[in-house]
Each structure stands twice: as structure tokens, then as C-alpha cells.
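Hello,

Here is the structure we talked about.

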Amino acid sequence: MNQKEFTTLVMPFKDKVFRLAKRFLVSKDSAEDATQDIYLKLWSNKEKLSTYNNVEAFAMTMTKNYCLDVLKLKSSSNLKIVHSNYKDNNQNLDKQTNVNDSVNIIHELINNLPKKQKLIIQLRDVEQYSFEEIGKILELKPTAIRVSLSRARKTIREQLLKRHQYGIN
Amino acid sequence: MELTKIENLLESYFNGNTTIEQEQVLKTYFAQENVPAHLQEYKLMFDYFAQNKAEVSNQPIQVKTKKQTWNLKWLSIAASLVLLFVIYKMVPSTDNFTSAERAEAQRAYVESQKAFKLISNSLNRGNKTLAFAHDYEATKNKIFK
């Protein structure tokens, strides 16, 4: 497989990989680094890629695993936690200057969901994958995905309504 | 009519029972500006999803590592060849003596063997005299226990 074939095969879902990474790694920079790493891994496995019937699902699974690994490393290393706190502050500054504050509430609500629900919301409501595709990516049964998804959506709604009521009072 | 349809769709959306097409209907509905007040919260959600999907990475992906690995491969082959050559040069070869030198070495070997035999013989002669000493030691141990 040469570079051109590789590019046409894997570039269409580059932004999906990026957005999933950003969902977990918070900052744009680390999401871009993650995307770069994942594409390097894909490139070094390029001979095997053609044997997978769904390269996109494979890449998304890789992204998921990559992000969870990074998070695990972060939580086990104090230095990294300090670092991420620092980045978080920057983000809060960004948020303060952002006019679209209400949309950011949703962002926060999704980020507070359990990892699995976060993944499913990202894959379904943002990227609009079918249940079968999500099943392939997460190695879960479609019924389990449906349940998690419903739970996640309801949690977001609940929290959102709570905040709004709080705002009115 | 339209509103009840949307409300029904929302209900099954939160139960996880909508298809991609139905969710698309919701998305397009909430993309418009005029949404009834009691549905404003849902507009926030769908707006967020749309915004999030529009986010792209501007960083170009670089996968041109092929050239580098190629160089590394040839570099390692060359390095191992050089190493082999150096080892070959450093270990003295045993096979480049002339026949005269070989004969000389053989003679020296025989001579030194002779010399060693001589030393060994005289040492053994000394050992025999020492045997008395051993006898003396044994008798002494018997007496002084």
C-alpha cells in the first residue's frame, strides 16, 4: 500500500478520530498529538489494514484504547496531573471569554458522564454511527449500547433542567 | 401537528429508540431559530452536537516515516559489516606462518616438553624422600593423640 492509497483509505475519518480524542484528552493540542500518533500506528500497520473489513471502526477502537491508556497514565503520575490542571485553567479562561456559554454547559455535562456513556454519546449523537458500528468499535452488544445511550441522554437532560431551574430561582 | 411529532420523537430519543434518520429530523428541527420555549433545553443539546461535529483538526498528518526507516535499515547493515571486519582484523589469524616457522615452533614445543619432563622427574625424586616425612607424621599422630 503506498501513501496515496493509505491517505484515501484513512483520511476521511481523521476528524472523527480527532474529536473523539479531544473528548477524552480535553485540550486541542493533546488531541492533535493523539491523532498524529494513531495515524502513525495505522501507517506502520498499513499492510494489515486491507485485511480489516471496517478500517474506520478499527481506527476508532484504537483511538478509544489510546485515550484510555493516556488517561490511565495521567492518573498514575502526579506530575502529569499538575500539568493537566494547568491546562484546565487555560480552558476555563477560554470558557469565560466564550460567548456561547450555554453550549459549554452541555460540554461539561457530557464530560462528567461515565467513560462508556461519554464514548457512546460522542459516537452516536455527534458522529451519527449506527448501533452496529458502535458495537464493533466498543465490542458491545447493540442492546447494551441502547441502554447506555438512553441513560446518558437522560442524565444530560436532567442536569440541564436542574441548572436552568437553579438559574431562574 | 409538527410539534407533537417532534415531542414524540424526543420521547423515543431519550429512550434510545430513534433511528439515525429520526435523529436527523430532530437535528434539522432544532437547527432553526424559532423553537418553543419548553424545548429550548433540547435545542442546546442539538446545537452542541452540531457544533462539535463541525470541529476539525487543522494539523496535517505526517506519515512519511518510510524514508527514515529505509535509511536506518541500510545503516545498520553497513554498521554490522564494519563491525565484522574490525573483529576479523583484531583476532590474530593462526594460519599465516611459513613452513620454516612451523618447524621451528614444533622444535620449540618438543624442547620445552623435554624440559618439563626433567623438572617433573627431579620433583618426583624429591617426593620419594618426603614419603619418610609422611611416615613420621603418621607415627607421631598415633603416639600423641
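Which hand does the crossing of helix 8 of chain A and helix 9 of chain A have? That crossing is right-handed. Before the details, please keep in mind that this is a predicted model.

**Helices 8 and 9 of chain A**

Helix 8 of chain A and helix 9 (residues 131–138) of chain A pack at about 140°, and their axes are 10 Å apart. Helix 8 of chain A and helix 9 of chain A are therefore oblique to each other. On helix 8 of chain A, the contact uses A:Leu119, A:Ile120, A:Leu123 and A:Arg124. On helix 9 of chain A, the partners are A:Ile134, A:Ile137 and A:Leu138. By class, this contact has six nonpolar residues, no polar ones and one charged.

**Helix 5 of chain A and its partners**

Take helix 2 of chain A first. The axes of helix 2 of chain A and helix 5 (residues 55–76) of chain A come within 10 Å and cross at roughly 20°. An angle under 35 degrees counts as roughly parallel, so helix 2 of chain A is roughly parallel to helix 5 of chain A. The crossing of this pair is right-handed. From helix 2 of chain A come A:Lys16, A:Val17, A:Leu20, A:Ala21, A:Phe24 and A:Leu25. They meet A:Ala59, A:Met60, A:Thr63, A:Lys64, A:Cys67, A:Val70 and A:Leu71 in helix 5 of chain A. The contact of helix 2 of chain A with helix 5 of chain A divides into ten nonpolar, one polar and two charged residues.

Now helix 3 of chain A. Helix 3 of chain A packs on helix 5 of chain A at an angle of about 130°, with the axes 10 Å apart. That makes helix 3 of chain A oblique to helix 5 of chain A. The crossing is right-handed. A:Ala34, A:Asp37, A:Ile38, A:Lys41 and A:Leu42 of helix 3 of chain A meet residues of helix 5 of chain A, among them A:Met62, A:Tyr66 and A:Val70. Here the classes are eight nonpolar, one polar and two charged.

**Where the chains meet**

In this model, 31 residues of chain A are in contact with 21 residues of chain B. Several helices of chain A each supply at least two residues to that side, including helix 1 (3–10), helix 7 (101–111) and helix 10 (142–168). Helix 10 of chain A gives the most, with eleven residues. The side of chain A that touches chain B has 13 nonpolar, nine polar and nine charged residues.

**Confidence**

The model scores ipTM 0.78 and pTM 0.64. Chain B has a mean pLDDT of 85, with 90% of its residues at 70 or more. Chain A averages 82, and 82% of its residues score at least 70. In chain A, helix 6 (residues 78–97) has the lowest mean, 49, and helix 8 the highest, 93. Over residues 80–87 of chain A, pLDDT stays under 50, and the model has six contacts there beyond four places in sequence. Residues 95–99 of chain A also stay under 50, with two such contacts. Where pLDDT is low, the predicted coordinates should not be read in detail.

Best regards

Note on methods. Residues numbered from 1 in each chain as written. Chains lettered and ligands numbered in written order. Predicted model: local features only at pLDDT ≥ 70, side-chain atom pairs only at ≥ 80, totals over all residues. Contact = placed C-beta atoms within 7 Å. Helix = DSSP H or I, 4+ residues; strand = E, 2+ residues; numbered from the N terminus. Nonpolar A, V, L, I, M, F, W, Y, C, P; charged D, E, K, R; others polar. pLDDT = per-residue confidence, 0-100. Axes fitted to C-alpha atoms, helices over the stretch in contact; angles between N-to-C directions. Parallel < 35°, antiparallel > 145°, perpendicular 65-115°, else oblique. Left-handed = near helix turned anticlockwise from the far one by under 90°.
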